[in-house]
Number of protein chains: 2
Amino acid sequence: MRRIDPKNFSKATRGTSREINRQIVLTLIRTHQPLSRADLARLMETNRANITLLINELLEEGLVREGAQGNLRVRGRKPTFLYINSAKGVAIALDVRATRTFMMVTDSIGKQIGDIISFPTKYDPTEFVASISWQIRKALHDNGGIASCEGIGIVIPGMVDRKTGTVINAPKLGWKYVNLIEIFEKELPGTEVHLENSGRACALSQIWSTREDVHGQNDSVFVSVSDGVGVGVVINGELIRGKHNTAGEFGHVPLSIDGPQCSCGANGCWEAYVSNLATLSRYFGRNLSRKQPESIEVVEFTIEDLISRARSGDSKALIALQSTARYLGLGLASVINAIDPSFIYIGGEITEAWDLIESQVREAIKERTLIKELGNTPIRIVPAVEHPRLQGAVALVTAPAFAAPKVA
Amino acid sequence: MRRIDPKNFSKATRGTSREINRQIVLTLIRTHQPLSRADLARLMETNRANITLLINELLEEGLVREGAQGNLRVRGRKPTFLYINSAKGVAIALDVRATRTFMMVTDSIGKQIGDIISFPTKYDPTEFVASISWQIRKALHDNGGIASCEGIGIVIPGMVDRKTGTVINAPKLGWKYVNLIEIFEKELPGTEVHLENSGRACALSQIWSTREDVHGQNDSVFVSVSDGVGVGVVINGELIRGKHNTAGEFGHVPLSIDGPQCSCGANGCWEAYVSNLATLSRYFGRNLSRKQPESIEVVEFTIEDLISRARSGDSKALIALQSTARYLGLGLASVINAIDPSFIYIGGEITEAWDLIESQVREAIKERTLIKELGNTPIRIVPAVEHPRLQGAVALVTAPAFAAPKVA
DNA sequence: TGTAATATGTTAACAGTCTTAACAAAATAC
DNA sequence: GTATTTTGTTAAGACTGTTAACATATTACA
């Protein structure tokens, strides 16, 4: 039951019904393709005539294409299969991380083209954009000289203002109030550029996935455990962004307000207990409550190393991981109590040790959730090979074409 | 950008545009009344002809009525003012609390009729419904023998399943899995009964308020500090309820996982620091981490007494309050970091001491929020005289008529 | 006092969209 | 080779928003 905002509503015009049904048709083709006009009519519980009209329009616009004829097991005319026309142009996805930037080229429905490449992240914004633009031009050339780039989706480890295209604060890159759109406009004029925070982009990757298991899951949370803890919250099939573009910062909800100091300045944030650094520090027995210059040992030893040590019998490593697992679960309990999502996705390096920590995580969740059902909230591990950040970046470009129109 | 759920969407029909515009018109009349057809056309940026057609339909259905003519300052025909027809029937609002139940009768736009009455809460569900039904019949009779009751909105201090009309767990009432709708059906057959949790109902009271300052505020949080801490989260003008009807339980997000024991069984929940009992216990210097039989002193001494003692110079009382204030602020910081709402509403007895604690609350919020703007998230105190729980109960009955239609 | 100007509200023709029903096209069953 | 069945199309009808003209009602001003 949504209240209509008297200051910001969208009235219905003659074309509104068409607009709504168009997006539904596109969504159904995207998630079910290949399928026929008759299939669509059945799925939408409408008549084939209406579908014919809608599809004709989408065919003319080049958004949909007809493919081969399908085979019917029974008698009757063979159906003509419909597909989203993925050859309209390409989308560029960029995952900007502290040391390297990853790039993926996809078609217009987000299917990867070629390999994911990576190059060192430049910290000067102008140089950064220049180097990326060079890579983009090269990638487009390598992929058969594709002319049309539908847009660039960029995922940043920090806070962004999507409307202006500004990186407000990305400590790991040393950027504060850097307007990337303006810089890109000089290098690649006319190209649409979309920014998003890494944690929230991961959530996007799941909403806009075409996997069957996301159908019907409209409230979900993506928790990304890495250098920090990024969280994206999806309500009603929509990523919540908040008044200041910072919604979802569960990483800084405390486990203990007197706990170890967090990079944000406060004490005892969830992130301070479960980030990779926290786990490593625990392994090395360092005092988490005080900031110390990093020892070389800690810098060069990664969480992956820790996990493999745990696997090969290093009990100290295993204990460090399981301690993280417990804190991870306790924080997840807060997320579950607050949001009551139908699904939780977890990504980040620690997921590679999921078999070692799952039971501790689940136990801790159950310890603090209010009712039994909440303790059983399903969790899906999103492995690194699915590239959730890059997929989220892609969604920034490709998803708007399939989104529900704003109405009422 | 909302994703359309391929498993649960609403296609547009011939009547969809009308349905959308109808609800917009109703919303605008509700929030701006009195206003004319020409005013509506301007607000909706459409033509007067369309409005005439829409209004004629709403007049016929009896949802809208025409009133006196307005005065124009300039030359021209005088406008005919339109109003929501509030005489369609009455709504019954019930606020069920541990010791007493409060009842309010309103017209169909939620305007109070007569006085708010209260009577002891019966703990046997059947007796409870019988006594309420008797009160309802009496109230209807007292208010001129009104025949039509549009529905009953009931607010419960506990967990409810709105779909089946079941109180899942209300510890203060001793109810577990009590299906109220079924019992009401025997007493008042055919009457619609809506249940909601107290904290979330308070949030409803604000979304559906007609105060000017709620226009444009579509993301907000209501925090109700009383025996417990109830929270209702509004995203996109819609109360989030979650998969198991428990969304919004920020009251059990921890401040310290090793903190005092909470009534939920876990340790260090926000609620365990800021509930009225927590404040009182702090005043009496009791050990919060252990459950003890209540002393008579604590039972009979209320938070209101504590506040008035603080006002009359009892420094121990003031310190207890300000300690609560700090914890309240620290918890609010979590809510703000997680949701980034454009507004926070606070209700409950403690708000009567707001002038004594505001600065501490604000300071604590700033201590843990991630960026400066979040620390300045506006807070509105909702005083008890506004009866947020009863207003929320009313909204359960009256609001659906004005809600946005489900589309796409 | 009468006419011009202006704002409100209504009406009828028109345009866009979904809906219905009939029909053409294409395949299989018998 | 005909009947049956399914797919896809077409044309007429119904509902809704849009446009433009008009009636209604009031004030301004000569």
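This is a predicted model: local features need pLDDT of at least 70, side-chain atom pairs count only at pLDDT 80 or more; totals for chains, interfaces and linings use all residues.
**View 1. Where chain B touches chain A.** The contact draws 71 residues from chain B and 71 residues from chain A. On the side of chain B that touches chain A, helix 1 (16–32), helix 11, helix 12 (354–368) and helix 13 (372–375) of chain B each put in at least two residues. Helix 1 of chain B gives the most to that side, with nine residues. Sorted by class, the residues of chain B on this side come out as 35 nonpolar, 22 polar and 14 charged.

**View 2. Helix 1 of chain A meets helix 1 of chain B.** Here we zoom in on one helix pair. The axes of helix 1 of chain A and helix 1 of chain B come within 8 Å and cross at roughly 110°. Angles of 65 to 115 degrees count as roughly perpendicular, so helix 1 of chain A and helix 1 of chain B get that label. Their crossing is right-handed. Look for Thr16(A), Ser17(A) and Ile20(A) on helix 1 of chain A, and for Thr16(B), Ser17(B) and Ile20(B) on helix 1 of chain B: these residues make the contact. By class, the contact of these two helices has two nonpolar, four polar and no charged residues.

View 3. Ala338(A) sits in helix 11 (residues 315–339) of chain A. Is this residue buried or exposed? Ala338(A) counts as buried, because it has 28 C-beta neighbours inside 10 Å and 20 or more is the mark for buried. Setting aside its neighbours within four places in sequence, Ala338(A) is in contact with Gly248(B), Glu249(B), Phe250(B), Val253(B) and Ala338(B). Thr369(A) is 31 residues from Ala338(A) along the chain, and the C-alpha atoms of the two are separated by 9.8 Å.

**View 4. Helix 8 against helix 11 in chain B.** This view stays within one chain. The axes of helix 8 (residues 276–283) of chain B and helix 11 (residues 315–339) of chain B come within 9 Å, crossing at roughly 140°. That makes helix 8 of chain B oblique to helix 11 of chain B. Helix 8 of chain B passes helix 11 of chain B in a right-handed crossing. The tally for the contact of helix 8 of chain B with helix 11 of chain B is five nonpolar, three polar and two charged residues.

**View 5. The nonpolar cores.** In soluble globular proteins, nonpolar side chains tend to be buried together. The largest nonpolar core in this model has 200 residues, and the ones touching the most other members are Ile92(A), Leu94(A), Ile154(A), Ile92(B), Leu94(B) and Ile154(B). Take Ile92(A): leaving aside neighbours within four places in sequence, Ile92(A) is in contact with Met103(A), Val105(A), Ile136(A), Cys149(A) and Ile152(A). There is also a second, separate core of 38 residues, which includes Ile4(A), Val25(A), Leu82(A) and Ile24(B).

View 6. Most residues other than glycine have a negative phi, and most peptide bonds are trans. In chain A, Gln33(A) and Pro34(A) are joined by a cis peptide bond, with omega about 0°. Pro34(A) belongs to the loop between helix 1 (16–32) and helix 2 (37–44) of chain A. In chain B, a cis peptide bond links Gln33(B) to Pro34(B), again with omega about 0°. Pro34(B) is in the loop between helix 1 and helix 2 (37–44) of chain B.

View 7. Tyr177(B) isn't a glycine, yet its phi is positive, at about 50°. This residue is part of strand 9 (residues 175–179) of chain B. Tyr177(B) is exposed, with 10 other C-beta atoms within 10 Å. Asn245(B) isn't a glycine either, and its phi is positive at about 65°. You'll find Asn245(B) in the loop between strand 13 (238–239) and helix 7 (270–274) of chain B. With 21 C-beta neighbours inside 10 Å, Asn245(B) counts as buried.

**View 8. The loop at Glu192(B).** Glu192(B) lies in the loop between helix 5 (180–187) and strand 10 (193–197) of chain B. Glu192(B) counts as partly exposed, because it has 17 C-beta neighbours inside 10 Å. Pro79(B) is 113 residues from Glu192(B) along the chain, with 37 Å separating their C-alpha atoms.

Note on methods. Residues are numbered from 1 along each chain as its sequence is written. Chains are lettered from A and ligands numbered from 1 in the order in which they are written. Axes are lines fitted to C-alpha atoms, for helices over the stretch in contact, and angles run from 0 to 180 degrees between N-to-C directions. Helices (H or I, at least four residues) and strands (E, at least two) are DSSP runs, numbered from the N terminus. Angles under 35 degrees count as roughly parallel, over 145 as roughly antiparallel, 65 to 115 as roughly perpendicular and the rest as oblique. A crossing is left-handed if the near helix is turned anticlockwise from the far one by less than a right angle, and right-handed if clockwise. Ala, Val, Leu, Ile, Met, Phe, Trp, Tyr, Cys and Pro count as nonpolar, Asp, Glu, Lys and Arg as charged, and the others, Gly among them, as polar. A nonpolar core is a set of buried Ala, Val, Leu, Ile, Met, Phe, Trp, Tyr and Cys residues joined through C-beta atoms within 7 Å. A residue is buried if 20 or more other C-beta atoms lie within 10 Å of its own, exposed if 12 or fewer, and partly exposed in between; C-beta atoms are placed from the backbone. Two residues are in contact if their C-beta atoms, placed from the backbone, lie within 7 Å.
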